[in-house]
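Notebook open, structure on screen. I want to jot down what I looked up, starting with confidence.

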Amino acid sequence: MTMADTDTGPLPLPPRWWRILRREPGLALGCLVLALLGLVAIAPGLFSGQSPYDIDVANALQPPTAAHLFGTDDTGRDIFARVIHGTRITLAICAGALLIAAAVGGVAGTVSGFFGGWIDLGLGRLVDVILSFPPIILGVIVTGVLGPQTANLILALSVIYLPVFFRIARAGAVSEVGKTYVEAARGLGLPETAILRRHVLRNVLPLVLMQYIVQFPLVLQIQAALGFLGLGVQPPTPDWGAILQQGKDAILLAPWISLFPGLAVLVTAFALMLTGRALQRTVDRR
């Protein structure tokens, strides 16, 4: 059998996901960076053999060297190890807070848009009250009143971003209520709660998931800002915002303490922004 005998024509088209990545190089780059960050978060020991908690006063405030790639802090702890191990904590806080905001805000917004009336009015006014505060100020109020703890930081971030998901879900529910399939379901005698759960909520869910990705870089920045203000994760737990806060007093003497966690926040937010915008453009084309 010759090569000509086996030639059946042109090669088949690449898979759909491959075509999307070729059309959206930003999505490919963003996914690559996020995959690396995910690996760092899951297995930080693969990237750093040093402990983020070990104190070595004799090597305090050392600039970046081969032994300490990102230098050391004022107690001699390795900044590279703290940034690597802080990846899991930082991303877990942001993901958890955004998940709570998406679940509560998404469900509340869907219920509000579906039923309307006094439910919509009451929930809408509550969301307006939350939106009257700038995000960082609201975060400072919540964490300042409840105390600078990880659980309170997650709660503060959830409250900040709950209105975003509420409005997206409400708009989606209002749009779905006017469609024919809802009227048909009502005509068949299905209960309102069944229509909401089986049909409307399912169609609103993709909007909430897309918003989850889009909002992630923003919640990461607010989380780092609250940590920088000392209202986030408390020392000695490694967290990007907490490391930034620790380095502010030595910014002129040892700028590397704040430089590298700041770059970690910047690179992660940029990768998330690329991924979110590319996915949004891909969905809008459909």
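Checked the elements by mean pLDDT (the predictor's confidence in each residue, from 0 to 100): helix H1 (residues 3-6) comes lowest at 46, and helix H4 (residues 79-115) highest at 94. Helices here are DSSP runs of H or I, at least four residues, numbered from the N terminus. Over residues 1-13 the pLDDT is below 50, and this stretch has 2 contacts in the model beyond near neighbours in sequence (contact means heavy atoms within 4.5 Å). Where pLDDT is low, the predicted coordinates should not be read in detail. The protein chain averages 87, with 91% of the residues scoring at least 70.

Ground rules: this is a predicted model, where local features need pLDDT of at least 70, side-chain atom pairs count only at 80 or more, and totals for chains, interfaces and linings use all residues. Residues are numbered from 1 along each chain as its sequence is written, and side-chain values use heavy atoms, with hydrogens and water left out.

Next, Val233. I found Val233 in the loop between helix H9 (192-228) and helix H10 (240-247). Buried or exposed? Val233 counts as buried because its relative accessibility is 5% (buried is under 20% relative accessible area, exposed over 50%, partly exposed in between; 1.4 Å probe, protein chains only). Leaving aside neighbours within four places in sequence, Val233 has contacts including Ile89, Ile93, Thr150 and Leu153.

Last, Phe133. I placed Phe133 in the loop between helix H5 (117-131) and H6. Phe133 is partly exposed, at a relative accessible area of 36%.

Notes: Helix = DSSP H or I, 4+ residues; strand = E, 2+ residues; numbered from the N terminus.
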